[in-house]
Amino acid sequence: MSEAELEGRLHPLAVLVFARRYASASLIPVVALLISLGTRVLVPLIVSVLVIVVPLAVLWWWRFTYRVAGGRLEVRSGLVNRTIKVVPLDRVRGVDLTAPFFHRLLDLVKVDIEAAAGGRDKAELSLAAVSHREGEALRERLLARARVEEPAEPPALYRATPGLLAVGGLLSGRYLLAPAAIVGLLFRLAEDLPGGIVERGTEALIDRAPTGAAGITITVVTALVLVGALAAGGSLLVDWGFTLRSERDRLTAQRGLLTHRTVSIDRGRIRGLDVRDTPLRRPFRLAGITAIAGGVRRAGGRTTLAPVVRSDDVLPLLRSIDPLAPDPRAALVAHPRTARGRRFVRAVPLPALATAGAIALGWWWAAVAGLVLTAVMAQVAIDRYRQLGHRFDGRRLTLRGGSLTRRWTELDPAEIVSFELRRSPGQRRAGLATVVVHLGEGAGSRRALDAGEEQARPLLAELHPRLFAPLVRQSP
Amino acid sequence: MILREPAEALDVRMRTVWALEGAIVAALVAFAVAVTVVVLVVQDASTAAWIVGVAGAAAVLVSALVLVWLRPSHDHRYFRYEVTELGLYVARGWLWRRWQVVPHARIETVDIKSGPILRAFGLVAVQVATAAAGGGTEIPGLELPAADALVEDLAHRAGIEEPQ
């Protein structure tokens, strides 16, 4: 296989990126110096930066080279201790292009290369800053094992419209809660400022706070609108222009307004697909799709394939990724009625106990609130039971669970690394068991909670007939 | 019953090993209680010393009962394993029972390990790792020849080659 060599350095502007990294790393000591010694250290400081940091950054840039040739990627780096990292191209699992804000100003991208390094460990290489074009070329080169000419841009499997993203942000707990977290953080920071700014500000606000019903309504509505706008804005910021493409044997997701991200995963690493929805999204018939993938850095091996999708579009999208994917709306094997009792036992006693306590103490308001909570939890328990289900259609295993956040999962049983059956004393009494399937390489595990005895046995026997044939006992 | 129980049991000495480990923990608890009581007596807080002494003695007694007698015997009785044609089958736990089935083809490494207590009893533990973090398993107490045979058998079936 004759391949053109690809060789180079980082972009010259990478010096700036590197200098900035030095600067932010030394920010705290520098500030400490300034505070303790006053501004008279400013001039020596600037001089030392110019004399030490910039030449160091330039040297570092000059000594950092990469080379793609002979079926492998070599990265040489280091000023005094030279490091050479070599990754065979067929070990490259993914190439992520990220453009943080600073990079985008300079039209640069950061390239992260994930590689499987024998066994379970992952090797990782990172090129701090290359030009956008070079980054794309590198990605193509690293991921293409036998390159053939292909259309410039394959058609998108999924594309998020701004409207969909805004609605999705509004209806997602993550983005709704983020503004509150930011406000809390700002308060914490402001408290450390001298002069009691927070106290004075709060007092001024309270003095001016509207007291009339109309005033309060306006304030509350304004606050709600503000929170909603921030939530929608957050979602738009992170997932702007989210596009999922299929490029031969890999999927590529691009997204982001300020920080641009491109994530590629091998199709072969996808163990299954998750479809989730939440109580806020359900009435609007929206869901999110993630891939369960092995050898990916992200938590639990989940990679977002579509942040917000209309439920009518879910099945076509699933099938475009996994042609054998079952329909999420199809009926599943329901778990036995005894599982419902167990869901109640989990959900109801705590609020019920709190209610009883409140009644005993004569706290009527708390008792009413407790009663409402108990009723809600009972509903959740019923719903959690209704959601439980599994099905194996001979090619794909489907599992469903959860109530507030519902998760529907489809898996290829060939990807299961090991099987586990769990039984607590309560489950034994109820004739139930939990079937757990472990997926390899950080992809986590999935379970069928509280399946019946007579369901767990055939399920295991069908998932891996030859493995379980000697183990399943015939029912008496 | 959903799956039949695996055929093999652990070495009986494993019961003693676990009991010894439990005894060490119980002794540490007893030591902590004794130190606290002495400190309280020196401080002239005799009521507190009595309370700590009685409660501590009860705690030591209960933990000794559970850790030295109940758990080792039950852990031993309810731990079973078997190498089947296509997989390693391990069942453990008395109240919370777990049955693990790891296909040979999915086994990545098989290790033999032994701590000082295990070694004193001439036992070793066999650890089986897969690509999935939660997918591996362990057989805690086997005689060395039995463990060697097991490791060889598993490695052979898993297609893991001996390092040169």
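Me: Two strands pair if DSSP finds at least two bridges between them. How do I read the hairpin that β3(B) and β4(B) form, and how many residues lie between them?

Reply: Some ground rules, then the case. This model is predicted, so local features need pLDDT of at least 70 and side-chain atom pairs count only at pLDDT 80 or more, while totals for chains, interfaces and linings use all residues. Residues are numbered from 1 along each chain as its sequence is written, and chains are lettered from A, with ligands numbered from 1, in the order in which they are written. Helices (H or I, at least four residues) and strands (E, at least two) are DSSP runs, numbered from the N terminus. Now the hairpin: four residues sit between β3(B) and β4(B), and Gly93(B) in that turn has a positive phi of about 95 degrees. The two strands, β3 being residues 87-92 of chain B, run antiparallel and share six bridges. One facing pair is Tyr89(B) and Val101(B), the latter in β4(B).

Me: What stands opposite Tyr89(B) in β3(B)?

Reply: That's Glu82(B). Strand β2 (residues 80-83) of chain B runs antiparallel to β3(B), with four bridges joining them.

Me: In what order do the strands of the open sheet of seven come?

Reply: Read across it and you cross from one chain to the other: β21(A)-β20(A)-β19(A)-β4(B)-β3(B)-β2(B)-β1(B), with antiparallel pairing. At the edges are β21 (445-452) of chain A and β1 (8-9) of chain B, each pairing on one side only. Contact here requires C-beta atoms, placed from the backbone, within 7 Å. Angles run from 0 to 180 degrees between N-to-C directions, with axes fitted to C-alpha atoms, for helices over the stretch in contact.

Me: How many bridges join β19(A) to strand β4 of chain B?

Reply: Five, and this pair is antiparallel too, with β4 spanning residues 97-103. Leu421(A) has Trp99(B) as its bridge partner in β4(B), while Glu420(A) faces Gln100(B).

Me: How many residues does each chain bring to the contact?

Reply: Chain A gives 27 and chain B gives 26. On the side of chain A, β19 (416-423), β20 (432-439), α15 (453-463) and α16 (465-468) each supply at least two residues. The largest share, seven residues, comes from β19(A). By class, that side of chain A has 11 nonpolar, seven polar and nine charged residues. The classes: Ala, Val, Leu, Ile, Met, Phe, Trp, Tyr, Cys and Pro are nonpolar, Asp, Glu, Lys and Arg charged, and the others, Gly among them, polar.

Me: How many residues of β4(B) are buried?

Reply: Count neighbours: a residue is buried with 20 or more other C-beta atoms within 10 Å of its own, exposed with 12 or fewer, and partly exposed in between, the C-beta atoms being placed from the backbone. By that test five of the seven residues of β4(B) are buried, so the strand is mostly covered. Phe31(B), in helix α1 (residues 13-42) of chain B, counts as exposed because it has 11 C-beta neighbours inside 10 Å. Chain B has 164 residues, 28% of them buried.

Me: Which residues of α1(A) are buried?

Reply: Ala14(A), Val15(A), Val17(A) and Phe18(A). Viewed down the axis of α1(A), the buried residues fall within an arc of 165 degrees, so they line one face of the helix; the arc is taken over the directions from the helix axis to the C-beta atoms. The face turned away carries the exposed Arg20(A), Ala23(A) and Ser24(A).

Me: Back in chain B, what is the order of the open sheet of three strands?

Reply: β5-β6-β7, paired antiparallel. Its edge strands are β5 (107-113) and β7 (137-143), and the twist averages 20 degrees from one strand to the next. Six bridges join β5(B) to β6 (residues 123-130), and Thr109(B) has Ala129(B) as its bridge partner in β6(B). Helix α1(B) lies across β6 and β7, at about 110 degrees to β7(B).

Notes:
Two residues are in contact if their C-beta atoms, placed from the backbone, lie within 7 Å.
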